Amino acid sequence: MSTSVPQTGTSGPPGPAGTTPVLELRDVAVHFGGVKAVDGISLQLESGLIYGIIGPNGSGKSTLIAAVTRLTPLTRGELLLDGRPVHDVAASRLAGLGVARTFQTVRLLPDLTVRANVQIGADARSGDEAQQRRGPAGWLRPRAASPAVAEAVARTRLEGFEDHYPSELSYGTQRRVEIARAIAMGPRLLLLDEPTAGMNQTERAEISALMRSMRTDGLCQLLVEHDVQMMIDTCDYVFAMNSGRLIAQGAPADVVQDPAVQEAYLGRKWRDHARSE
Ligand SMILES: Nc1ncnc2c1ncn2[C@@H]1O[C@H](COP(=O)(O)OP(=O)(O)OP(=O)(O)O)[C@@H](O)[C@H]1O
Ligand SMILES: [Mg+2]
């Protein structure tokens with residue numbers, strides 16, 4: 001059963017006794033002037049599980065991910081990664097702490113091949129600061145791809161595309177390159193903001209299977225998606241947001257039926273909602 005959520009205290013599925021959550025949010029808020037994009041969220045994410053966030057457009061899902069990845073400052077609250085406070089850590093340091101993400105819109109470097117784009121993730125993982133300082137000029141230099149790149153390319157079924165440029169790829173394939181770049185970082189926590197937007201059902205099922213396969217590595221994943229069937233097929237646990245707050249959480253199939261969640265979507269069919277974007 002899903003549960004309606006009190007707005008204070010921590011929430012999330014109980015982990016094994018004594019374990020430290022991979023990520024903990026304590027009363028996190030992000031306000032933009034008068035807009036309370038995120039307004040007091042507390043939750044805990046455990047390793048080896050896939051979490052989902054659903055909610056209507058503008059409910060604060062992307063802002064929550066931006067807050068966790070330090071791309072937007074917190075108005076209040078605390079972020080803990082493996083029990084350590086990170087709300088003052090610079091975004092650029094999070095990769096080294098095992099946090100990777102994909103964005104709601106594709107963000108690949110257009111002048112770099114697929115291999116070089118994915119290599120950026122591997123460089124962040126290895127902490128190759130000299131390489132990162134050289135920036136695109138360094139990335140453009142031919143060099144042997146690291147094993148992390150080959151592994152990420154294989155996992156996302158991008159073999160054969162390594163020498164292509166993003167503009168030569170379908171939108172769905174570009175999104176897979178983004179996921180490959182994130183995987184190449186070898187994260188402990190992977191945040192995916194609408195990774196299957198622009199993909200067909202077959203491609204979505206592949207991403208879902210990929211995410212399920214990564215649970216065995218102990219990876220903690222947080223997925224934002226509007227496709228309710230994908231959420232049910234993929235996630236172990238789902239949080240529902242509306243107006244910056246949690247309104248329900250629990251097993252995916254229960255949460256999507258929750259009256260508060262149904263009301264937040266004003267009776268619109270989930271698929272219709274996804275298509276309207
Ligand atoms: N940089 C910003 N400045 C001002 N307002 C912002 C900013 N970013 C987001 N907002 C506002 O915060 C609210 C939450 O936006 P957010 O993008 O987090 O929603 P979302 O749940 O990801 O929506 P969608 O499903 O459409 O992606 C919206 O009202 C949005 O207009
Ligand atoms: Mg969003």
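**View 1. Backbone and side-chain contacts to ligand 1.** In this predicted model, a backbone N or O atom of Gly-60 lies 3.0 Å from an oxygen atom of ligand 1. A polar backbone atom of Ser-59 is 3.2 Å from an oxygen atom of the ligand. The side chain of Lys-61 also takes part: one of its N or O atoms is 2.7 Å from an oxygen atom of ligand 1. On its own, ligand 1 has 640 Å² of accessible area, and the protein covers 61% of this.

**View 2. The shell around ligand 1.** Ligand 1 is surrounded by 14 residues. Gly-58, Lys-61, Ser-62, Thr-63 and Gln-104 are the closest. At least two residues of the shell come from strand S2 (35–45), and at least two from helix H1 (61–68). H1 gives the largest share, 3 residues.

**View 3. Helix H7 and its start.** Helix H7 runs over residues 201–214, 14 residues in total. From its first C-alpha to its last, H7 reaches 20 Å, close to the 20 Å expected at 1.5 Å a residue. At the start of the helix, the backbone nitrogen of Thr-202 has a side-chain oxygen of Asn-200 within 3.1 Å.

**View 4. The buried face of H7.** The buried residues of H7 are Glu-203, Arg-204, Ile-207, Ser-208, Leu-210, Met-211 and Met-214. Seen down the helix axis, they fall within an arc of 160°, so they line one face of H7. An α-helix has 3.6 residues a turn, so residues three or four places apart point the same way.

**View 5. What packs against H7.** The buried residues of H7 pack against several elements, including strand S3 (50–54), helix H5 (147–155) and helix H6 (171–184). Strand S7 (189–193), strand S8 (220–224) and helix H8 (228–234) are also among them.

Terms used
Residues are numbered from 1 along each chain as its sequence is written. Chains are lettered from A and ligands numbered from 1 in the order in which they are written. This is a predicted model: local features need pLDDT of at least 70, side-chain atom pairs count only at pLDDT 80 or more; totals for chains, interfaces and linings use all residues. Side-chain values use heavy atoms; hydrogens and water are left out. Helices (H or I, at least four residues) and strands (E, at least two) are DSSP runs, numbered from the N terminus. The expected span of a helix is 1.5 Å times one less than its number of residues. Buried means under 20% relative accessible area, exposed over 50%, partly exposed in between (1.4 Å probe, protein chains only). The arc is that of the directions from the helix axis to the C-beta atoms. Contact means heavy atoms within 4.5 Å. A polar contact is a pair of N or O atoms within 3.5 Å; within protein, one must be able to donate a hydrogen and the other to accept it, and residues adjacent in sequence count only if both atoms are side-chain atoms. A residue is near a molecule or strand if one of its heavy atoms lies within 4 Å of it. Accessible areas come from the Shrake-Rupley method with a 1.4 Å probe; for residues, only the protein chains shown count as cover.
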